[in-house]
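Subject: Handing over a structure

Dear colleague,

I am passing on to you the structure we spoke about, with notes on what I found when going through it. Please look at it yourself before reading my account.

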Amino acid sequence: MLLLKVSEHALVLKYLLFVFEDDTGSDQKGKAADASLPTKVGKGVHSEVLDSKLVFSHAQRTRALVYAIGETLWRAGGRKKATVAMLDIPAIYIDRNFKEEEQDEAVAKALEGVCLDSGKELHRLVRFCDVTSISSLHQQLQNLLPGFRSPMGALLLLFSALLSRGLDAVQADRDDPDQPLVTTPFGHASQEIVNLLLCGHAVPNVFDGNMDMGGGMCLKGIPTSVEVGFLTLLESLNLCKVGQHLKCPKWPIWVIGSESHYSILFAFTPTVQEESEFDNREMLVRQAFDAQDQSGGGGFITAEALQQILPDLNIEFSQDVLNTLCSSDIVVWNDLWQALLQLDKSKGGLKDSCNTLRRRQFDVYHFNGIAKTVPTIGNVSHQRPRLTKIEVSVPPKWTPDVVLAEEFKASGGDMSQEASDSGASHPEPAQHAPLVDCIRTRWQRATCHWTGDAPSIV
């Protein structure tokens, strides 16, 4: 059930960081909240690098939660309707005139002794409400928040999402309707539930669209673009392939999946997903090169093929460079790439006036809601969720490995004894954790640095 909380946390971040205006009415989109506000996203979060951009008022967080749940259910209902599951307890327990603590205490008291092993007891406890407008949905959720904050909250959200989509539609979405949506004994959600929360369809796969397997068999994937995305450690293990819909969501927020747990990766600016002019140009050249590569991905084409693609790409090599590239019957990508780096942009090349590898550098944050023991002053320990700031550096996509190896040596990765003795300054070597493998499924060959303990996805 932790997945349901994580998916809503991801959407809550969308509203807090990119959508809402602050209480004064000024534009909040893409900006930080006032650092003087008293509470943080994720109450009690432990982090030595907590950014003031993650400080929000209680009212902001509550409003974001209402809108996040509403978006999930409204999307599952095809943006025409939604069904909200609620606790069937006396209205006084959810009276909005009560303080939040009083509401929560009343709901907790009403749930005392409830045994969810009994279907009959569950039917007695839960009822449902259909709404046909997004404004009515927000109003209902605002009134029912104490139930969603209770230990029953994740189950209520799951029921609401399934019924908003419709049970027949959920079964039609799936490749194998006989498999369980939630597995025993630990209550792990299936990929169908993950996708239902992220895209509104209970499809079982993470690739884009549908895959026709022939013989009338079709595997169902993500049908359209999404607001927040999904990355998984399983892709780094070659057990699946996440499509562009989930890798490149509208907002720079991703649910991270491991073998048994979900966490969140996010950035403060959507520009982390933008390709640079250099990357776009490099990709265009590489696509044209690969279209002529008859070696099955070996990374070389014929000299004749090179002569054919250069005019289409508006690349103007000097005759001496062409003679060197075409000195044999084949042209290797590494050689072409190096030649492009020496060719001015005005002639279709990739020359960098700074003569440096054009790495993209940006920061992302990783949030793990599972508490960790944190020692404090006075030998007192606290259990707190974890938030880690990660510095990411990404080389151009088609940089040959030999170039990256040379850069690694130059940065101190293979520092000579002479350089060490001289006290020369070198960048710290890249750090690694399973999260880095997930990040590299989105940004190829990225290197990461952080302060303190490694970010954990378990």
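Predicted model: local features only at pLDDT ≥ 70, side-chain atom pairs only at ≥ 80, totals over all residues.

The protein chain comes to 17 helices and 16 strands, and of its 458 residues, 44% are buried. Among the contacts in the chain with a separation of 6 or more, 64% are accounted for by residues 24 or more positions apart.

From α2, the residues Thr62, Leu65, Val66, Tyr67, Ile69, Gly70, Leu73 and Trp74 take part, and they meet Ile134, Leu137, His138, Leu141, Gln142, Leu145 and Phe148 of α5. By class, this contact of α2 with α5 divides into 11 nonpolar residues, four polar and no charged. Asn143 counts as partly exposed because its relative accessibility is 24%, which lies between the limits of 20% and 50%.

Helix α12 (residues 303–312) has Ala303, Ala305, Leu306, Ile309 and Leu310 as its buried residues. These residues lie on the same side of α12, because they cover an arc of only 145 degrees around the axis. As a general point, an α-helix has 3.6 residues a turn, so residues three or four places apart point the same way. On the other side of α12, Glu304, Pro311 and Asp312 are exposed. What do the buried residues of α12 pack against? Their partners are α11 (277–292), β12 (300–302), α13 (319–325), β13 (330–332) and α14 (333–341).

Of these partners, I followed up α11, whose axis comes within 10 Å of that of α12 and crosses at roughly 145 degrees, the crossing being right-handed. Ala288, Phe289 and Gln292 of α11 make this contact with Ala305, Gln308 and Ile309 of α12, and the residues involved are four nonpolar, two polar and no charged. Just after α12, Asn314 takes a positive phi of about 55 degrees.

Arg79, in the loop between α2 and β3 (82–87), has a positive phi of about 60 degrees although it is not a glycine. Arg445 likewise has a positive phi of about 60 degrees without being a glycine, and is found in the loop between α17 (434–442) and β16 (447–450). Arg445 counts as partly exposed, because its relative accessibility of 26% falls between 20% and 50%.

Finally, a word on the cysteines: the structure holds zero disulfides. Is Cys129 buried or exposed? Cys129 counts as buried, because its relative accessibility of 16% is under the 20% limit. Cys218, in turn, has a relative accessible area of 36% and is therefore partly exposed.

Notes:
Residues numbered from 1 in each chain as written. Heavy atoms only, no water. Contact = heavy atoms within 4.5 Å. Helix = DSSP H or I, 4+ residues; strand = E, 2+ residues; numbered from the N terminus. Nonpolar A, V, L, I, M, F, W, Y, C, P; charged D, E, K, R; others polar. Disulfide = S-S within 2.5 Å. Buried < 20%, exposed > 50% of the residue type's maximum accessible area, 1.4 Å probe, protein only. Arc of directions from axis to C-beta. Axes fitted to C-alpha atoms, helices over the stretch in contact; angles between N-to-C directions. Left-handed = near helix turned anticlockwise from the far one by under 90°.
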